[in-house]
Amino acid sequence: MSDPLHILHSVFGYEYFRAPQQEVIDTLMAGGDALVLMPTGGGKSLCFQIPAIARAGTGVVVSPLIALMQDQVAALKQAGVRAAYLNSSLTGTEARDIENRLLRGDLDLLYVAPERLMTERMLDLFRRIKIALFAIDEAHCVSQWGHDFRPEYIQLSVLHKRFPEVPRIALTATADEPTRREIIARLQLENARVFISSFDRPNIRYRIAQSSGGAREQLLRFIREEHNGDAGIVYCLSRKRVEEVAGSLASKGLTALPYHAGLSNEVRARNQARFINEEGVIIVATIAFGMGIDKPNVRFVAHLNLPKSVEAYYQETGRAGRDGLPADAWMIYGLQDVITLRQMLAQSEADETHKRVEQHKLDAMLGLSELTTCRRQALLAYFDEHAPEPCGNCDTCLEPPQTWDATVPAQKALSCVHRTGQRFGVTYLVEMLLGKADERMQRFGHDKLSTFGIGKDIDANTWRGIFRQLIARGLLAVDIEGHGGLHLTDACRAVLRGERRLWLRRDSKPVKTKKERAERAATRTTFSDPADQRLWEALRTRRRELAASQGVPPYVVFHDATLAEMVERCPRTRAELAHISGVGERKLDAYGEEFLYVIRAHAYSPESLAE
Ligand code: ADP
Ligand code: ZN
């Protein structure tokens, strides 16, 4: 079996290669090196799995996380590929067993943790066998400046020195140019062909809204109305908040589990396993959760706080919809987020250079949040990718926000800050604009100022929105002491002097009709026809049983997309089933009859006859 296209069909059950899989595979087949930059869900794995199967010998895959290895090996075995991993989760006997298989030439793919790979024992084993290729997954771990730095990755250039004739492929979903250069330099991939895919994730719908106080209620409504029964991840900033949110969702009958660094290893592992193995589990987590989660059918990622950078936002939201089916990246944030992040930055102990970088990153994130044009265009532009058209699948495209000339109210707000000595917080300033004097204001004599009560024409919420945007845009700065006092910046002078007009976003609660929601739900994995819905549920139940009996996650048996296609096309024979995307030969043998039985039983059931 040495033809890549044949392997794609017979082993993986897919019809076509996606760009640039074919070219990457051809490069390796010809013995060349490759560097592949592709977004999450783009299809990186096949780029090395297929040539590893097609070429003589074993493909050796370096992977940083045990969970990732286990997942990929389980999926490969299901497809009938001879795959195994070597890492610290194995007993001595198990590991020796795998080593023997390796020596016998009985493995197409071997996944190895980087620290084990670099041992003399391992390198010696490699000298005694035929190696098809080396694949270095999550290659950005080699970058010292990145967030996933793994010192062992630096040593991987040894592979090239010891085995110069073996082709190598490095893969990552980290897009930026400095990381790319670092990977090439550290892994000595100067001669590798570089493949860069678009980083767009068209199936993800980006939505960012202002929280109107009740973040938990907004989240609950979002899940109930759009993602009932779906798996999702909710990110919060603090452990305390994680516990609160998980508790509140659970109290409403949802399966929501917490995940943060304060929980014991056992609890974390248990919650993660449930998220992976069960369906419809929601993980509420700090950013500690995510890396190594390969679950393809995460239908939503929700942020209840602003991430610190666009990179973080993109990486976290990228965990939604790996399977290519519609998914939501949903975020709400408010004035307090903006203040907190600005304060954290002001109090940071980092040196000036680092602070400037952090400042720049935060500004970009705030800019994205307050945007009134297409979010996807801005996101891609941040990664140096030019999208010529607005996407039509983000909140600003779907419900264009209104802007208004807020120059005069902004001037009033800024004067208020100035007149009160640049030390009060938003609440005080809003009361002042509304002309609501309390005892403290009277004591300071602020009720006698000319700005007292000059903002009565605008309500308190709108004022808070104006302050949020003034802070987000850097026209007001937050005090370093952390009391939330605001002061003017140089940037606000032009507005105060009337030299610059200021257009702000009008915050509005998104209104979406029931019909629109239903239409969107229909493109997902609910079916408008109740008979289809019943078949879908029956197929999922069968999948769950088959997965549980082997101790693997359901998606390792078949993906949602594959089951959905079964519902749509209702295959009645083995041959028809073989045409469904994701049904390879091994799975056809192992599960074909099981699923055909479900489909046939459904077709002849009295319930479906009645319809
Ligand atoms: P990545 O590692 O880039 O995040 P994966 O390799 O996990 O992505 O692939 C994402 C999904 O796309 C998987 O479900 C995979 O089976 C599927 N996939 C990859 N290549 C193809 C293809 N040529 N045709 C259909 N599905 C594919
Ligand atoms: Zn858009």
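This report walks through a predicted protein model, from its domains and sheets to its ligand and a few backbone details.

Some ground rules come first. Residues are numbered from 1 along each chain as its sequence is written, while chains are lettered from A and ligands numbered from 1 in the order in which they are written. Because the model is predicted, local features need pLDDT of at least 70 and side-chain atom pairs count only at pLDDT 80 or more, whereas totals for chains, interfaces and linings use all residues; side-chain values use heavy atoms, with hydrogens and water left out.

**Domains**

The protein chain is assigned domain 1 (4-196), domain 2 (204-333), domain 3 (403-505) and domain 4 (525-610); such bounds come from an automatic or database domain assignment. Between the C-alpha centres of domain 2 and domain 3 there are 35 Å.

**Two open sheets**

Helices (H or I, at least four residues) and strands (E, at least two) are DSSP runs, numbered from the N terminus. Two strands count as paired if DSSP finds at least two bridges between them.

One open sheet has seven strands in the order 3-4-2-5-6-1-7, with parallel pairing. Its edges are strand 3 (83-86) and strand 7 (193-196), each with a single partner strand, so one side of each is left without a neighbour in the sheet. Neighbouring strands of this sheet are turned by 20° against each other on average, direction ignored; the axes behind such angles are lines fitted to C-alpha atoms, for helices over the stretch in contact, and angles run from 0 to 180 degrees between N-to-C directions. Strand 3 pairs with strand 4 (residues 109-112) in the parallel sense over four bridges, and Leu86 has Val112 in strand 4 as its bridge partner.

The other open sheet has six strands, ordered 8-13-12-9-11-10, again with parallel pairing. Here strand 8 (204-210) and strand 10 (256-259) stand at the edges with a single partner strand each, so one side of each has no neighbour in the sheet. From one strand to the next, the twist averages 15°. Strand 8 and strand 13 (residues 327-333) run parallel and are joined by seven bridges; Tyr206 has Ala329 in strand 13 as its bridge partner.

**Around ligand 1**

Now for the ligand. Ligand 1 is surrounded by 15 residues, the closest being Tyr14, Tyr16, Gly41, Ser45 and His559; a residue is near if one of its heavy atoms lies within 4 Å. Helix 3 (residues 44-54) gives the most to this shell, with three residues. By type, the shell divides into five nonpolar, seven polar and three charged residues. In this scheme Ala, Val, Leu, Ile, Met, Phe, Trp, Tyr, Cys and Pro count as nonpolar, Asp, Glu, Lys and Arg as charged, and the others, Gly among them, as polar.

The table lists polar contacts of the ligand, meaning pairs of N or O atoms within 3.5 Å.

| Residue and atom | Distance to an oxygen atom of ligand 1 |
|---|---|
| Gly43, backbone N or O atom | 3.1 Å |
| Lys44, side-chain N or O atom | 2.8 Å |
| Arg322, polar side-chain atom | 3.1 Å |

The protein covers 83% of the 570 Å² of accessible area that ligand 1 has on its own, using the Shrake-Rupley method with a 1.4 Å probe.

**Backbone details**

Most residues other than glycine have a negative phi, and most peptide bonds are trans. Ala19 and Pro20 are joined by a cis peptide bond, with omega about -10°. Pro20 sits in the loop between helix 1 (4-12) and helix 2 (21-29). Glu138 has a positive phi near 50° and lies in the loop between strand 5 (131-136) and helix 8 (151-154). Asp384 has a positive phi near 65°, in the loop between helix 17 (375-382) and helix 18 (395-398).

Methods. Polar contact = N/O pair within 3.5 Å; in protein donor to acceptor, adjacent residues only side chain to side chain.
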